[in-house]
Amino acid sequence: MSIGMQTSKGVGRLLKINAWLVFAFFYIPMIVLVVFSFNASQRVNIWGGLSARWYPEMLRNDEILSALENSLVVAAISTLASTILGTALAIALDRYRFRGRGTLEGVAYLPIIIPDVTMAVMLLAFFAQAFRFLGNIGPQLQLGLYTVVISHIAFNISIVAVVVRARLGQLDPALEQAAQDLYASRWKAFRLITLPLILPGILAGALLALALSLDDVVISAFVTGPGGTTLPVYVFSAIRRGVTPELNAISTLMLAASTVLVLSSLFLQRAPKQERTTTKEDS
Amino acid sequence: MTESSNMTERGEPSVEILGVTKRFDEVVAVDNVDLAIEDGEFFAMLGPSGCGKTTTLRMIAGLEFPTEGRLKIFGDEVGNLPPNQRPVNTVFQSYALFPHMNVQDNVSFGLRMNGVDKKEAARSADELIELVQLGGLGNRKPSQLSGGQQQRVALARALVNKPKVLLLDEPLGALDLKLRQEMQTELKTLQQEFGVSFVFVTHDQEEALTMSDRIAVMNEGRLLQVGSAEELYERPANRFVADFIGETNLLDATVADGDMIILANGTRLKAPNPHATGTKVAMSLRPESIEIGRPESIPSDYQATSLRGVIATSSYLGHSILYGVKVDSTNLNVRSGAVAAHQRFVPGDEVAVWWDRTSDWVVPDDEPVAVTSEAS
Ligand SMILES: Nc1ncnc2c1ncn2[C@@H]1O[C@H](COP(=O)(O)OP(=O)(O)OP(=O)(O)O)[C@@H](O)[C@H]1O
Ligand SMILES: [Mg+2]
């Protein structure tokens, strides 16, 4: 007995130390990044005093500005499109029984688990085939910002679908049936009952899609073309020329943006408030 | 088949189910059911779990469509209409209150969908909320109500639309016993007040027997009998109903000539019945209608309706004693009035049991065959 208790105490201490190590491992690089983005010195490895000069500085760099604009355009369009398509997919998978549903179900979530590089190669191969086919019948196309948009839509649909479907799964199917029983058409039942109830899930999915789109580098780097450099792709190529304080500042901003987006998404994905309470009958 | 002409005498049924079958892939949930529910009737559907009660109710509501057969509501063919085009409303087992709307918006939802203006709908909703004794709670969200209160909101939300038929799927299932009994009375009162038929699904037979004008007993998708509580209890149509409603002893037998039946052990008993000679039947004997005594004490009139056996078990229940009497290989439950301890029979005692000629009931031995096909 006492041996067992001692062992479990020891294990407990080890686990605690481990937790702290993991914590440090995660957050020390982040702290370094944030701190050095406020470094006054031009040299990234020497502390030259506190200053926020790199933040306005970075906005005078045309390359950065155009990359930022590209990123925002891609994020906005792909988030909007994937939110609509992903929600529709989630509803179809949740509700309708049709031939091939099982297969579609498996395939739909594939982009989440396959490696980015594989996804990128797949998309590139797809675009090459599509361009050749279209080239034969008319327009000569090449990679550009729009191929980045299409690719982001492709992987974000899965994310939105997963999040929305989790929400749908918590809904009592009788709710929509009750609305129809109370003379609502199918569309009204969806709009007045189901939609408001899954809206937090849809928003959560959209925020996650936005974060993933803003952060993506591998797929964007593969499928982008002339004039289609996004911010992460710019950082990735600039960093090979050496880390600059400007890059630290950009990365800090990106870190802040994705933290806010992901935390908001998680907040929205919390389980809905308990539907039943056990308050005592007051009559 | 020709249309029967007795419609005019009885008035038009509120719901008519004509040869309806519902299949889910391989499962036959409802099997060729014919049923007419009268206007203004409190009608219960009773049966074991999975027998097709909910499916039948959902077909009336339009939430499920028959695979075969026809469905009429007050004479109008509705079999293929969507739920929002049928003059019926449903109280769901889970209540299905809209969690993002308050009580008043829940109750006025149906009226709003029917184009009633906001003020008018709110006024009617308040009236109904008052009627189900929730006055003043109109602004609460469903999550802020107790189970019993939610149940009342669900009732108000359906009744405010003045449906021609109200469908209720085990509406009291989630309530505790006391609240349940309270709601039973309340439901009955509401039904009389509104004068519309209530179709009430339950698997609680006591609930069905006490509340309903008529009860339909289902098993494995088939409708086995429709009748009043008394009819089902005293004159069950078949073995399943006899066994399902109340407690009974079922003795396997074969019909012999001249009002006699022969038990499996060869005993001949007098039991007038309409079945042809040679038919396999079961005789139903309720435990409380059997007399018990010493072997020599059978009254002379009862010789042909008596059996001899041995006491196997004896349980004292306060107001009565329950004996298990072994007659050859079958066991008979016999309930007898409480008597002083020294007069009670004990296991091993040889006894005779007898019963009045009017208290037995012979049913055809049509053990329902499984209608659920094997999954392929
Ligand atoms: N949507 C469905 N898909 C497939 N099978 C179904 C579906 N709905 C019902 N069934 C099957 O049909 C049969 C009848 O079900 P139903 O829900 O009508 O039973 P019930 O009498 O209401 O039972 P309970 O008392 O348990 O509620 C069951 O075997 C059930 O599994
Ligand atoms: Mg049911």
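At 48% relative accessibility, B:Asn32 counts as partly exposed; buried means under 20% relative accessible area, exposed over 50%, and partly exposed in between, with a 1.4 Å probe and protein chains only. Helices (H or I, at least four residues) and strands (E, at least two) are DSSP runs, numbered from the N terminus.

A word on conventions: residues are numbered from 1 along each chain as its sequence is written, and chains are lettered from A and ligands numbered from 1 in the order in which they are written. In this predicted model, local features need pLDDT of at least 70, side-chain atom pairs count only at pLDDT 80 or more, and totals for chains, interfaces and linings use all residues, while side-chain values use heavy atoms, with hydrogens and water left out.

**More backbone spots in chain B**

- B:Glu220 also has a phi near 50 degrees, a positive value in a residue other than glycine.
- You will find B:Glu220 in the loop between strand S9 (214-219) and strand S10 (222-227) of chain B, and with a relative accessible area of 30% B:Glu220 is partly exposed.
- Helix H2 (residues 53-61) of chain B is mostly covered, with seven of its nine residues buried.
- The buried residues of H2(B) are B:Lys53, B:Thr55, B:Thr56, B:Leu57, B:Met59, B:Ile60 and B:Ala61.
- After H2(B) comes B:Gly62, whose phi is positive, near 95 degrees.

**The two chains overall**

- Chain A has 12 helices and zero strands, whereas chain B has nine helices and 20 strands.
- The C-alpha trace of chain A spans about 80 × 70 × 40 Å along its principal axes, and for chain B the box is roughly 80 × 55 × 50 Å.
- Of the 283 residues of chain A, 36% count as buried; of the 376 residues of chain B, 50% do.
- Contact means heavy atoms within 4.5 Å. Among contacts in chain A between residues at least 6 apart in sequence, 71% join residues at least 24 apart.
- In chain B, residues 24 or more positions apart account for 65% of the contacts with a separation of 6 or more.

**Nonpolar cores**

- A nonpolar core is a set of buried Ala, Val, Leu, Ile, Met, Phe, Trp, Tyr and Cys residues joined through side-chain atoms within 4.5 Å.
- The largest core has 52 residues, of which A:Ile193, B:Ile17, B:Phe98, B:Phe109, B:Leu167 and B:Val199 touch the most other members.
- Helix H9 (residues 186-215) of chain A gives the largest share of this core, seven residues.
- Leaving out residues up to four places away in sequence, B:Phe109 touches A:Ala179, A:Leu182, A:Ala184, A:Leu192, A:Ile193, B:Phe98 and B:Met101.
- A second, separate core of 34 residues includes B:Val103, B:Leu134, B:Leu190 and B:Val196.

**The largest pocket**

- A pocket is an open set of points on a 1 Å grid over the protein atoms alone, where a 1.4 Å probe fits, with protein on both sides within 12 Å along at least five of seven lines; lining residues have an atom within 4 Å of a point.
- The largest pocket has a volume of about 850 Å³, the volume being the space filled by probe spheres set on the points, with grid points joined across faces, edges and corners.
- Among its 28 lining residues, A:Arg95, A:Tyr96, A:Gln177, A:Gln180 and A:Arg186 are the closest to its centre.
- H9(A) supplies the largest share of the lining, five residues.

- A:Glu176 sits in helix H8 of chain A and is buried, with a relative accessible area of 13%.
- A:Glu176 touches A:Arg95, A:Ala189, A:Phe190 and A:Thr194, not counting residues up to four places away in sequence.
- In helix H11 (residues 231-239) of chain A, the buried residues include A:Leu231, A:Tyr234 and A:Ala238.
- The cover over the buried residues of H11(A) includes H3, H9, helix H10 (218-223) and helix H12 (245-268) of chain A.
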